[in-house]
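Hello,

Here is the structure we talked about handing over. Please have a look, then read on for what turned up in it.

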Amino acid sequence: MSQTKELTHDDVQKIVSSYMNDDHVALVEKAYRFASICHRDQRRKSGEPYIIHPIQVAGILANLHMDPETVCAGYLHDIVEDTGATLGDIKELFGPTIALIVDGDTKLGKIHYKSNREQMAATHRKLLLAMSKDIRVMIVKLADRLHNMRTLQHLRPDKQRRISNETLEIYAPIADRLGISTIKWELEDLSLRYLNPQQYYRIVHLMNSRRDQRVAYINHAIELIKDSLKDLKLGPNVEIYGRPKHIYSVYRKMVTQHKQFSQIYDLLAIRVVVDTIKDCYAVLGAIHTSWKPMPGRFKDYIAMPKTNGYQSLHTTVIGPEGRPLEVQIRTHHMHEVAEYGVAAHWAYKEGKINGVQQTLDSRKLNVVKEILELRKESNGTDEFMQGIQSDVFADKVYAFTPKGDVIEMPVGSGPLDMAYQIHTEVGNHTTGAKVNGRIVPLDYEIKNGDIVDILTFSSSAGPSQDWLDLVKTRRARNKIRQFFRAHNRDENIETGKQMIATQLRDAGYDPLALMTEEKSVQVAQAMHYNTADDMFAAVGFGDLAPVGVRNRFTADIRQKERSDRQAAAQKALLEDHETLEKPSEKQAKASSEGVVVEGVDNMLVRLSHCCDPVPGDSIVGYITKGRGVSIHRADCPNIANAEKSGQRLVTVYWANPNGDKTNYDADIEVQGYNRNGMLNDILRSINNSTRFLNSVNGKVDHNKMVTISLTIGVRNLQQLELIMNALKNIKDVYVVKRVIH
């Protein structure tokens, strides 16, 4: 659980009152009152009133000193999606700007999608495109996601992992590209906590174990730096302090650089904040005079800023006691941009927004420009989202043209990627490349600082199919494919028709009967192509999987087959019921499980041991062959395939959700740091809540992390949750979860 203090509306009002005028404070108050009315009967998964969430989102935005419209949108961001209020209501009450931000943050919940993945991709696409119109849409979304991550413990483990993975892949990189490090670091740390709790809590333990020593070392180094800066006469506004290292950054270095915790040098870091750029370089000189810099560990982000606007000097020196010490040097303005990124340009100051040409400022952001370009070049939502992850959010490398222009590309890019980054025609007519004056092959991997000269010839035949394997960026790949689409259309149409016909034959269907002109047009329109030839060309070129088109052609036939199978499953249920109609000892035992099969009496029922459902769990029944109905938890992965096909599943429910007996088995797993007395504390906690402790097993890994598996007897879900919550409060216990075998 996040240690961040939960804010009240009064807290938010105090924050905005400290930097807004009275009219704008009144607008924020109006937004809160409207949100309170709309959400008054709603509660979150934790059971707390829903309005707490908009208050926290608005509070995060207020702490960033965002403008009144953005803070109001923080209060209103869920209203259109979760209440009866409409976007028109918000526009009428609060104006078009706030309505635009709220609309950009509203999910696409009313459109039917085939899968959660497709819906999530469409939602992200809408959000990113809305962000290109007004960057505040994304700032509100980041605040929303941050509070959701802080309260993620109230969701099921599978949802925790899905949301954390989405946060790490999409939202943390967005925060990074927008330069809002204060949000980025917390999103990454919280995501790691749920995706890899063992490593997360191990790093926490290691960081805390020698914290006092590190603090003393940093304080000593700060005093030495202050002494070395006395002669510079920097003025009274100089700030020197220790910089805390974030857990995810430590984890990432340990994984990507294959380092042990003790080898992470910049756990010890100091930040120096001064007034001017001249002072930054003066401080750097003083520090390098006092301590020897480590080779290759100096970075000048002032002369060469990052794409998100970040500027600072980074150097690692051999500090006191011969230990590596990282020092960051920046101005106060640079520090504000480093912490708040693009939000700093929207910050409300002295009754007006900082910066007059807001829309123009947004367009200058490289990330927005890249999103708009990918939107034009991508075929479909999935390709757009893949391009966002591979091109926009990847780590970057910087190269120079012979004229000195800086070109930014994802790490691993080559000369062809750079050529298409400059212009499509430059890419299409590339014949070779020189790097730092030497001819290099087209599969050369560009490094930071390379001077790359793209060699072109106006009469060249154009791209080769081999180039698709050489390029790193999706943008370059799309441009190459566009070239081949335009030049080989007729051939691709014929190839696509043949591929679909082959798929239909292999699946047992008659291509001539199905691939009529009328049916082909229907399928093309359903797949968002203007004509059937466009669809066939996409298949022939490789943009569209033929199996997907085949499934569209056979959808009606397969729907009828599914209906027939469901009827057969219902018949099997009735037959099972008839064979088990006479009471027996087994049936008496089954009825004692307390589960009712809807519409059927005297059915043999047994609780599945793979997921061990207990009264209060959401459950589903699965018809087994000759063994009655097996009861599973609704989230059990062992019935996922059956659920997708709609076969052999029946509606079941608990006769008494509070339980008819006291010893329903439940398997739980406890993870934590292996200290003396840990097992005794766990067993004592369980014995205080239940007298049924059926089995205990434990193991310790090389990181001194212990995993204890227990099977306990409980009356219902409520008792189980009380036991698990008590275990979570034990010192050095990090994770308590139910187990599915």
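**What was found**

The protein chain has 34 helices and 22 strands. Helices (H or I, at least four residues) and strands (E, at least two) are DSSP runs, numbered from the N terminus. This is a predicted model: local features need pLDDT of at least 70, side-chain atom pairs count only at pLDDT 80 or more, and totals for chains, interfaces and linings use all residues. Residues are numbered from 1 along each chain as its sequence is written, and side-chain values use heavy atoms, with hydrogens and water left out.

Of the 741 residues in the protein chain, 49% are buried. Buried means under 20% relative accessible area, exposed means over 50%, and partly exposed is in between (1.4 Å probe, protein chains only). Now contacts, meaning heavy atoms within 4.5 Å. Take those in the protein chain between residues at least 6 apart in sequence: 66% join residues at least 24 apart.

**Cores**

In soluble globular proteins, nonpolar side chains tend to be buried together. A nonpolar core here is a set of buried Ala, Val, Leu, Ile, Met, Phe, Trp, Tyr and Cys residues joined through side-chain atoms within 4.5 Å. The largest one has 56 residues. Val 71, Tyr 75, Leu 76, Ile 90, Leu 142 and Ile 183 have the most contacts inside it. Helix α9 (residues 136-150) gives the most to this core: eight residues. A second, separate core has 34 residues, including Val 614, Val 650, Met 678 and Leu 710.

Look at Leu 142 in the largest core. Leaving out residues up to four places away in sequence, Leu 142 touches Tyr 171, Ile 174, Ala 175, Leu 178, Ile 180, Ile 183 and Leu 187.

**Helices α2 and α4**

The axes of helix α2 (residues 22-38) and helix α4 (residues 68-76) come within 8 Å and cross at roughly 10°. That makes α2 roughly parallel to α4. Axes are lines fitted to C-alpha atoms, for helices over the stretch in contact, and angles run from 0 to 180 degrees between N-to-C directions. Angles under 35 degrees count as roughly parallel, over 145 as roughly antiparallel, 65 to 115 as roughly perpendicular and the rest as oblique. On the α2 side, the contact residues include His 24, Leu 27, Val 28 and Phe 34. On the α4 side, they include Val 71, Cys 72 and Tyr 75.

Lys 30 is also in helix α2. Lys 30 is partly exposed, at 32% relative accessible area. Its C-alpha atom is 8.4 Å from that of Cys 72, 42 residues apart along the chain. Beyond its neighbours within four places in sequence, Lys 30 is in contact with Leu 93 and Phe 94.

**Rings**

The structure holds eight aromatic pairs. Rings of Phe, Tyr and Trp (its six-membered ring) pair if their centres lie within 6.5 Å; planes under 30 degrees apart count as stacked, over 60 as edge-to-face and the rest as tilted. Which way do Tyr 201 and Tyr 734 pair? Their ring centres are 4.0 Å apart and their planes are at 10°, so the pair is stacked. Tyr 201 lies in helix α12 (residues 197-209) and Tyr 734 in strand β22 (residues 733-738), so the pair ties together parts 533 residues apart in sequence. Both tyrosines, Tyr 201 and Tyr 734, are buried. Ring pairs also link Tyr 200, Tyr 201 and Tyr 734 into a cluster.

Tyr 248 and Tyr 251 form a tilted pair, 6.2 Å centre to centre with 40° between the planes. Both lie in helix α14 (residues 247-256), three residues apart, about one turn of the helix. Tyr 248 counts as buried, at 14% relative accessibility.

Two charges sit over rings; the test is NZ of Lys or CZ of Arg within 6 Å of the ring centre and within 35 degrees of the ring normal. Lys 184 lies over the face of Trp 185, 4.1 Å from the ring centre. The charged end of Arg 323 sits over the ring of Tyr 217, 4.2 Å from its centre.

**Loops**

Most residues other than glycine have a negative phi. Lys 233 has a positive phi of about 55°. Lys 233 lies in the loop between α13 (211-229) and β1 (239-242) and is exposed, at 78% relative accessibility.

Best wishes
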